[in-house]
Amino acid sequence: MPAYTATAPGKIILMGEHAVVYGQPAIAVPLTEVSARAVVRPAIGSPPGHAHVIAPAVDLDTELHALGSDHPLRILIQAVYKELNLERAPAYQLRITTTIPISAGMGSGAAVSVAVGRALSGFLGSPLPDDRVSALAFEIEKHYHGTPSGIDNTVITYNRPVYFVRGRPVEMIRLTRPLTFVVGDTGIPSPTGPAVADVRRGWQRDRPHYEKLFAEIGRLSLEAREAIQEKPLAHLGQLMSANHELLQQLGVSSAELDALVLAAKKAGAAGAKLSGGGRGGNMIALVDPVEAKKISEELEAAGATHILTTTVQTTN
Ligand code: PMV
């Protein structure tokens, strides 16, 4: 049995985070500058059923059976066996590496699930199709944060811009021109679960107010689906900035994120917003590529701990 390798990109949410959990549309694009990688190779000499997992990013180097039964990786691996109707796998070693910052709103958890689902099923001789890989990753997202919308596993599995509505067939977005973003990290962790739970508590306290905010965000996502094809960038940028204001009202921004968003806009970005769960993590700015360097410098001056520029290429 030869070794099998799979990779999966990170993601950024262009529009609609949080509201997407409540059925509103959202737009996400893959972030190919960072990725998760899983390599499964035979463990020659070890008995069948033996699996060794190594994931340096989370200090993991252990036998699979030593992981708690509720460990997301163990649940994922067992779900792959179940998909393949496999009682006992041949002995293997699974190595997971990632360049996606963890807890930064870039989809690191979903990317690891997608890469592992693909590499393990491929190693076992039955590579799973995309819809099954995405469904497996979605199940694991639930273990990370109770009520995921499914947008992360979808955009990461298909590696294409998506217009996503929970529970509906995924719609790929055709990009007729490339889009360039500067991504700025606050350096503050952004675990998705607590932010999603806080929004849920707010919604339970005052449903009309929150549902109005969710609906406004949904309208912006819908408008952005058209604006993505338009030239110049200004309209899409305005929609992103308006989305950020609504996320502030939802209580998921922070002083650090607001400072970076403001700095990007002052430096000439077409628009800017937090991206992902919020509180910390990353913000994104839509930029003219010739301005990317200047805007990156301004973000650094405003406190960003890590900055990258990404261009989402045209799709057909
Ligand atoms: O995983 P993050 O932090 O990029 O957040 C995902 C987006 C949310 O809308 C906040 C949650 C979800 O499941 O859609």
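The largest pocket in this predicted model has a lining of 46 residues, and those that lie nearest its centre are S108, G109, A110, E141 and Y144. The space inside this largest pocket comes to about 820 Å³.

**The largest pocket**

- Two or more residues of the lining come from each of the elements β1 (4-15), α1 (72-83), β5 (92-98), α2, α3, α4 (151-158) and α5 (192-205).
- Helix α2 gives the most to the lining of the largest pocket, and its share is five residues.
- Sorted by class, the lining of the largest pocket holds 23 nonpolar residues and 19 polar ones, together with four that are charged.

**Helices α2 and α3**

- Helix α2, which covers residues 108-123, and helix α3, which covers residues 130-144, have axes that come within 9 Å and cross at roughly 135°.
- Because of that angle, α2 counts as oblique to α3, and the crossing of the two helices is right-handed.
- On the α2 side the contact is formed by G109, A110, S113, V114 and R118, which meet D130, V133, A137, I140, E141 and Y144 on the α3 side.
- By class, this contact of α2 with α3 brings together six nonpolar residues, two polar residues and three charged residues.
- G109 and A110 of α2, along with E141 and Y144 of α3, take part in this contact, and these four residues are also among those that lie nearest the centre of the largest pocket.

**Helices α1 and α3**

- Helix α3 also packs with α1, at an angle of about 150° and with the two axes 10 Å apart.
- An angle over 145 degrees counts as roughly antiparallel, and therefore α1 is described as roughly antiparallel to α3.
- The crossing in which α1 passes α3 is right-handed.
- From α1, the residues P72, I75, L76, A79, V80 and E83 meet R132, L136, I140, H143 and Y144 from α3.
- The residues of this contact of α1 with α3 divide into eight that are nonpolar, one that is polar and two that are charged.

Definitions and conventions:
Residues numbered from 1 in each chain as written. Predicted model: local features only at pLDDT ≥ 70, side-chain atom pairs only at ≥ 80, totals over all residues. Heavy atoms only, no water. Axes fitted to C-alpha atoms, helices over the stretch in contact; angles between N-to-C directions. Helix = DSSP H or I, 4+ residues; strand = E, 2+ residues; numbered from the N terminus. Parallel < 35°, antiparallel > 145°, perpendicular 65-115°, else oblique. Left-handed = near helix turned anticlockwise from the far one by under 90°. Contact = heavy atoms within 4.5 Å. Nonpolar A, V, L, I, M, F, W, Y, C, P; charged D, E, K, R; others polar. 1 Å grid on protein atoms, 1.4 Å probe; cavity = no way out; pocket = protein on both sides within 12 Å on 5 of 7 lines; lining within 4 Å. Points joined across faces, edges and corners; volume = space filled by probe spheres on them.
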